[in-house]
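Welcome, and thanks for coming along. Please open the structure in your viewer and keep the selection tool at hand.

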Amino acid sequence: MKTKSQLMLFLIVSFFLLCLLNNQRTEAVETSDYYTELDYTGAIKSGTHLESSRPTIRPEYQGTWGTLLNDITDSTGKAYFSKFNVVRNYKAGEYFYYNKVGSYNQRDLSLKVIFNRTESKPNYNFRTKLLSNGAIYIESMFDPLSKEISLEYQLVYSDTKEVVHGVDVELPQAVQTNAYNSGLDTYGYANFRTEGLSKVYFQQNKDIVSPTHELKTEKGTASGRELLKVIQDKRYTSLLAQNYVVYSNNEVPMSTGVNTPNAYAPYIVIFDAAIETPSTPNYFEPKIVGKKNAESLRASYTISQALTATYDIFYPDSLSVIIEDAEKAFTKITPDDAKIYNKDNKEITKETTIKQLDDHKLEITISNTLLKQLKSNAFQIELAIDSIDLKKADEFYDAETKQLNVPLSAYNVRKKANEKVQSAVVTGDANSQLVISGTPLPQVLNINSTTDDIDLDKVLADLKSNIPEDKVTVEAITDERLFDEVKKESVKVEVKSELFPQLTQTFPIQLNIEDTLVTTASLDNQRWLIDIAELYNYNKKVDRNLYISDLANVLDIAYVGNPNEQISIPKLIKYFINVDRIRILNSKFNTSLPSEIARLKKVTWMEFTNSSVTGEFPTFIKDMDGLSTLMLVNNKLTGKVPLWLFDLPNLKDVSIKGNEFVGQIPLSIKNEKLELNISNNQLTYNSDEIPAYVKNSDNTFLKGLQLSGSEILSIADKTKQIIKPFDTKDAGYFNLHVIGQESDKINALYDGHHYTILNEETNEVLYDGPKSANKTIPYKKGIIYKVILDEAIANPRNQTIIKTKIPELKLEKIPELLSFDISLGTHLKKPVKLIGEMSIFDNRDGGNWQLNITPSSLESETKTLKGEYSYINQKGIETAIIAGQKAPIEKGKSDTEDEIIPISDMWTDKYGLQFTINGSNYLGSYKGSVTWTLENVPSSN
C-alpha cells in the first residue's frame with residue numbers, strides 16, 4: 001500500500017512538471033515576444049520594449065581611426081584587415097576579435113565574430129571587409145548553413161578571451177536581401193538564433209515604409225538550431241538594407257543568417273553605429289589613458305567617452321564626465337587644463353560646459369543638443385596638468401624607472417528629467433618621466449689626492465632637471481678612493497633634485513691625476529713648513545724640484561714659535577700623508593685649523609699648545625681614528641666638547657685645559673683608557689662628584705667654580721609682569737656670573753651656555769635655551785627663581801637662587817591710641833603711653849627715612865590743656881613739638897634683610913614721646929589727634 005502511494009505521488013509530480021515545461025515552451029515560441037517594430041521616430045508600431053534585469057552592453061569601438069586596423073585581430077593577434085574597404089575571403093569557422101569595444105568590471109572587452117558556411121575552402125561568394133565607418137561587411141550566398149547562421153558573435157574579455165557572463169549584448173545589424181522571387185515563389189528572410197535571444201528591434205526607414213514582416217520560429221535544416229525567421233513581404237522587392245538591433249544573452253553565442261530568393265548576394269553589416277539604439281543609451285564608463293611625458297613635469301591624459309546614436313526622444317538631458325583627483329596628486333586642476341575633441345579630432349571645447357567643482361574635480365557636460373549632433377561620434381578629453389604636488393609625489397614615484405605614475409579618476413553621469421545614472425569609476429595613470437641632465441667636466445687632481453679633493457661644484461655643467469624651478473645639487477662621490485698614481489681615472493658622482501629629493505642621477509667624471517711642483521705660494525708662504533718639507537727631501541727645493549709626491553716623505557711636523565709670529569697651516573697639509581706627529585707650540589695662529597689635517601690618517605700625536613687657536617672644537621678630529629694623544633692647551637677654543645671625542649678608539653690622553661669650553665662632559669664613557677684634563681674651562685658634570693676619567697678639573701664647575709647672580713631683584717614697578725633676565729638695562733637683570741675658587745673672584749660666563757630658569761616654588765620651566773637680551777620670563781611680587789646652567793640638575797655648583805621684591809617705604813603700624821595721666825601742677829612731664837605699636841617698613845636698597853609727628857592741642861568740653869609734646873631720642877636729645885606743626889622725631893636707614901623697623905619698641909619712660917604741663921590747668925579729660933608722616937630723605941644724619 002505504501003509503495004502504491006509513493007508511485008501515485010511520483011506520477012502526479014511528473015505530470016505537473018511536464019505541464020509546467022510545456023507552458024514554458026509555449027510561452028517561449030511566441031514570436032511577438034522576440035520582435036518589436038519601430039517607426040523612424042523610435043515609436044513602437046508593434047511589440048513591446050525589452051525589460052531585462054541584466055546590464056546591457058552595446059559594443060562600440062572606442063579607439064581612434066588611426067589604430068582601428070590594428071585593433072581588429074585574428075587568433076594570433078595579427079591585424080585581420082589590411083586596409084579599409086578591401087575585400088578578403090573567409091573560410092568556415094574563421095574568426096576575429098573586434099577589440100576596444102567597451103569595458104565591464106573595469107576590464108576591456110572584445111567582440112568575437114565567427115564565420116559559418118558548409119565548405120571550408122575560401123570562395124569568392126564568401127567575403128568580408130572593414131568599412132570606413134568601422135562597420136564589418138559580410139557577404140554570403142548559395143550555402144545552406146550561411147542562410148541560417150552566417151555569423152556568430154559573443155562578448156569576451158580582451159585579456160583572457162573568456163566569455164563575459166551576466167550581461168546582455170545589443171548589436172546593431174543591417175541585413176540586405178530581396179523580399180520575393182515570383183518565378184521561384186521564394187521569399188527573402190533573416191534568421192536569428194532563438195536560444196539566448198531577448199529581442200529583435202526592426203527599424204523602419206523614414207523614406208521607405210516597409211510592409212510588415214512575417215515571423216516564424218522553426219528548426220534550421222543545416223544548423224539544427226531553432227531560429228526566428230523574419231520573412232519579407234512579397235510586395236517589397238527592392239534591394240534595401242533592413243536595420244535591426246538584436247538583444248541577446250551573452251551566455252551563448254548569438255547568430256544571424258540571411259537568404260535571398262534572387263541571384264543577388266545578400267549581406268550583413270554589423271557595428272553600424274548609425275543604427276539607433278531603441279532606448280535611452282547606457283553609456284559606458286569613460287576610458288582613461290595616461291600618457292608618457294619625458295620633457296616636463298606634466299601629467300597628460302586622454303579620456304574617451306563612447307556615445308550611442310538613438311532617437312531624439314531617447315537622448316538624455318545631458319551627459320557629464322566627472323574628472324576627479326581623488327589622491328590629491330595635484331595642487332589644483334582647472335578648466336584651462338582640458339580640451340575636448342570629437343572622434344574626427346575636431347575641437348568642440350567651446351560647445352561643452354566645463355565647471356570646476358573644487359580644486360580637485362572638474363565636470364565636463366555635453367548637452368542634449370550636442371549629443372544629438374554627435375550621435376555615435378565619441379568624444380575625447382585631452383588633459384594636460386602642470387600642477388603636480390611635489391609634497392605628495394613620492395607616493396606615486398617609481399625609483400627604478402624614475403617615473404611619477406600619477407593617478408586620475410573619471411566617471412560619467414547621465415541626467416534625464418529627475419533621473420541620474422552614474423557609471424563605474426575608472427582610473428588611469430599618467431607617466432611623467434623625471435630627468436636630470438648635465439654635461440660632465442674632466443677634472444685634474446694631484447697625486448695622493450682622494451675623492452674628497454674633487455670640487456663638486458665644478459664637475460658638471462648645465463645641471464638641471466625637468467621639474468620647474470628646481471635646483472639640482474651634486475651630493476657625493478659614490479666610491480671614495482685614493483689616487484696614488486699618475487694616470488687617467490674616473491669616478492661617479494651622484495646628483496639630487498632639491499624640490500624632489502627622491503630623484504637622483506649618477507654621472508661618470510673623468511680624472512687626470514698629475515704630480516705638480518710645490519711652490520711657496522701653494523704652501524701659503526709658511527717658511528716653517530717649507531723648511532720641514534725640504535728637510536725630509538734632501539737636495540730638493542720648493543719652487544724648483546720638490547713635487548707633491550715628495551711631501552709623503554715627511555714623517556714628523558714639529559715647530560716651536562714665538563707669540564709674536566703669526567702662522568697658519570696651508571690646505572696642502574693633506575699631502576703630508578705619512579706624518580706620525582704634529583707638535584706646534586708657542587705660536588700664534590691667524591686662522592682656524594684646516595679640516596685637511598683629517599687626511600693624515602697616520603697621525604697618533606697632535607698638539608697645539610699656547611698657540612691662540614680659535615673657533616670651536618675641530619670637527620675634523622672625528623675622522624682621525626689613529627689618534628692616541630691630543631693636546632689643545634691654552635688656546636681660545638669655544639663651544640662644547642663633542643661627545644664623539646670620547647668614542648675615538650685609540651685615544652688615551654686628552655688635555656683641553658685653558659680654553660673657553662662650556663657644557664657637560666658625559667657621565668660615563670666606553671674608552672676605559674682615556675684620561676682627560678679639562679681644567680680652566682667652564683665645563684660641568686651632571687653630578688656633584690668628579691668622574692674617574694677626569695684627571696684634572698680645577699677651575700671648572702666640577703671643582704672650583706660656582707654659578708652666582710643677583711641675590712635679590714629690587715623692582716619698583718608694581719605693575720610689571722615680565723622681566724628680561726639677560727638684559728643689563730632691565731630691572732629684572734639676573735647679573736649671572738661665575739665665582740672662582742681664588743678669593744671669590746668674579747668671572748664672566750662664556751658664550752654658549754644653556755640656561756634653564758624655573759619658578760623655584762612650582763618647578764615650572766619659565767625659560768630654556770641660550771642667553772639672549774630679548775628673552776622674557778613671567779614676574780610677580782615675591783617670586784623666587786632658580787637658574788640651572790647647562791642642564792646640570794644634579795650639580796649644585798651650576799645652580800643659583802634669585803629672589804625678588806618691590807622696594808617700598810611705608811608706615812607698617814601706628815598706635816590706635818595715645819594717652820597719659822598727669823597731676824595738676826607746673827612743668828610736670830609724663831611719657832605718652834601707646835595702645836598698639838609704631839613701626840616702619842623699608843626694604844629699599846640704601847634708602848633713608850624720616851618719621852614726623854603733627855599733634856593737635858588737647859581739648860576738654862570747655863578748656864584747652866596748657867602744655868606741649870616733646871620727643872627724646874636715644875642720644876637723650878629732647879626736641880620740642882608745637883601743636884599744629886610737623887616735627888621730625890626719628891631718622892634711619894632701610895633694612896633689606898628684616899625690612900620692618902620697630903620705633904615704639906625703643907620708647908621707655910626716659911626715651912620716646914613725652915608731654916609736659918605748663919601753667920595752671922583744670923582737672924578734666926582732654927582729647928586731641930596726632931598725624932604721623934614718613935618721608936624719604938637723602939641722609940639719615
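A strand here is a DSSP run of E with at least two residues, and strands are numbered from the N terminus. One thing to keep in mind on the way: this is a predicted model.

**Stop 1: a loop with Ala-417**

Select β31 (403–416) and β32 (419–422); the loop between them holds Ala-417. Now look at the backbone of Ala-417: its phi is positive, about 55 degrees, although this residue is not a glycine. Most residues other than glycine have a negative phi. Is Ala-417 buried or exposed? With a relative accessible area of 67%, Ala-417 is exposed, because the cut-off for that word is over 50%.

**Stop 2: a loop with Asn-586**

Next, go to β44 (581–585) and β45 (588–589), and pick Asn-586 in the loop between them. Asn-586 is not a glycine either, yet its phi is positive at about 50 degrees. Its relative accessibility is 30%, so Asn-586 counts as partly exposed.

**Stop 3**

Now select residues 636–640, which form strand β49, together with residues 660–664, which form β51. How do these two strands pair? β49 and β51 run in the parallel sense, with 3 bridges between them.

Which residue of β53 is the bridge partner of Gly-663? Click on Leu-683 to find that partner.

Definitions and conventions: Residues numbered from 1 in each chain as written. Predicted model: local features only at pLDDT ≥ 70, side-chain atom pairs only at ≥ 80, totals over all residues. Heavy atoms only, no water. Pairing = 2+ DSSP bridges. Helix = DSSP H or I, 4+ residues; strand = E, 2+ residues; numbered from the N terminus. Buried < 20%, exposed > 50% of the residue type's maximum accessible area, 1.4 Å probe, protein only.
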